[in-house]
Amino acid sequence: MKREKFVIELSKEQRTLRRFLLALCCGDQSQADDLAQETLIKAYLSIDRYSEIEKFSSWLKKIAYNTFLDNVKSQRRLSSLEAATNEKSPVETDDFLKYQDLYMALDKLSPKERTAILLYYMDGYAIKEICEIVDCTESAVKQQLSRGRKQLKTMLEDGR
Amino acid sequence: MEDDKLIRCIFEDYKPDLGNDNDFMLTFEKKLEMVELVKRHRKTNLRHMKMLLAITFLLGVLSAVFVVLLISYSPSSPIVDIDSLGTGILMFVNGRIIVLGTLSMLMSLGVIGFVSLLYNWLNSAKENETIVYRR
């Protein structure tokens with residue numbers, strides 16, 4: 001795929017990707033945008049490895065998910081340092097407040113459960129497709145979905 | 001099933017404000033330009049390195065040929081006078097070849113050192129130029 005075609009394909013997919021990452025980052029807009037940019041650059045650099053058989057959006061989600069996991073890992077390493085200074089929190093815009101309950105509930109889920117829930121309920125992927133994106137077995141994804149669903153329901157009902 | 005419906009409804013209503021699409025794409029295209037710049041720079045560096053390697057190799061071969069010629073056409077007295085050492089060790093029988101090999105190796109090392117010094121010097125000159133340009 002050439003650069004021009006890549007940019008065109010991307011401009012079609014970027015909104016879905018950013019929405020997915022915003023929910024994954026539990027409403028942290030700046031982190032979500034940084035991750036989206038990083039994902040797109042990584043995608044551009046590995047465009048030769050993209051096979052047209054695969055869905056472009058699924059391929060992007062896979063890169064986004066791995067980028068997100070890397071970010072979580074590096075944040076964990078930095079967490080002790082941040083605790084010593086002042087902890088960063090997302091900027092509370094009107095939009096953030098609107099979905100605050102959802103973000104708080106998502107925040108309580110593990111990154112893997114959160115990803116499975118978002119891919120299944122928000123983006124409408126089938127379990128088989130989720131398996132390919134998160135590189136897990138079908139039973140593992142089903143388990144993540146079931147646990148995530150239960151937790152999410154409890155937390156959202158408590159919040160109401 | 002009930003849980004499913006509830007969660008599905010929540011995500012159907014989830015339409016966050018993502019900001020301006022054009023701004024996002026513009027930032028991305030700027031980053032893409034930078035990536036391209038780095039890629040081009042890397043390619044050029046790699047090409048330079050390959051060229052330098054070829055030059056070094058060629059210089060090494062030429063120097064070796066030069067040394068061979070020098071030694072072959074040298075006067076009748078050998079470089080290492082085996083008789084004067086008074087030993088019959090096998091190594092000294094092949095003294096001329098050993099000296100030739102050692103000299104070639106030293107010359108190759110010298111050439112590599114000289115070329116890498118030259119390369120570093122050129123690179124630092126280029127970096128200085130860039131810094132001056134940035135200022």
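In this predicted model, the axes of α6(A) and helix α7 (residues 127–134) of chain A come within 10 Å and cross at roughly 140 degrees. Axes here are lines fitted to C-alpha atoms, for helices over the stretch in contact, and angles run from 0 to 180 degrees between N-to-C directions. The helices themselves are DSSP runs (H or I, at least four residues), numbered from the N terminus. α6(A) and α7(A) are therefore oblique to each other, given that angles under 35 degrees count as roughly parallel, over 145 as roughly antiparallel, 65 to 115 as roughly perpendicular and the rest as oblique. Their crossing is right-handed; a crossing has this hand if the near helix is turned clockwise from the far one by less than a right angle, and is left-handed if anticlockwise. Contact, meaning heavy atoms within 4.5 Å, joins Thr115(A), Ala116(A), Leu119(A) and Tyr120(A) of α6(A) to Ile127(A), Ile130(A), Ile133(A) and Val134(A) of α7(A). These residues comprise seven nonpolar, one polar and no charged, where Ala, Val, Leu, Ile, Met, Phe, Trp, Tyr, Cys and Pro count as nonpolar, Asp, Glu, Lys and Arg as charged, and the others, Gly among them, as polar.

Helix α6 (residues 111–122) of chain A also packs on helix α1 (residues 3–24) of chain A, at an angle of about 140 degrees and with the axes 10 Å apart. That angle makes α1(A) oblique to α6(A), and the crossing is right-handed. From α1(A) the contact draws on Arg19(A), Phe20(A), Ala23(A) and Leu24(A), and from α6(A) on Arg114(A), Thr115(A), Leu118(A), Leu119(A) and Met122(A). Six of the contact residues are nonpolar, one is polar and two are charged.

α1(A) has a further packing with helix α2 (residues 29–45) of chain A, at about 150 degrees and with the axes 10 Å apart. α1(A) and α2(A) are therefore roughly antiparallel to each other, and they cross in a right-handed sense. Residues of α1(A) in this contact include Phe6(A), Leu10(A) and Leu21(A), while those of α2(A) include Ala36(A), Leu40(A) and Tyr44(A). By class, the contact has 11 nonpolar, two polar and three charged residues.

Residues are numbered from 1 along each chain as its sequence is written, and chains are lettered from A in the order in which they are written. In this predicted model, local features need pLDDT of at least 70 and side-chain atom pairs count only at pLDDT 80 or more, whereas totals for chains, interfaces and linings use all residues; side-chain values use heavy atoms, with hydrogens and water left out.

Note on methods. Helix = DSSP H or I, 4+ residues; strand = E, 2+ residues; numbered from the N terminus.
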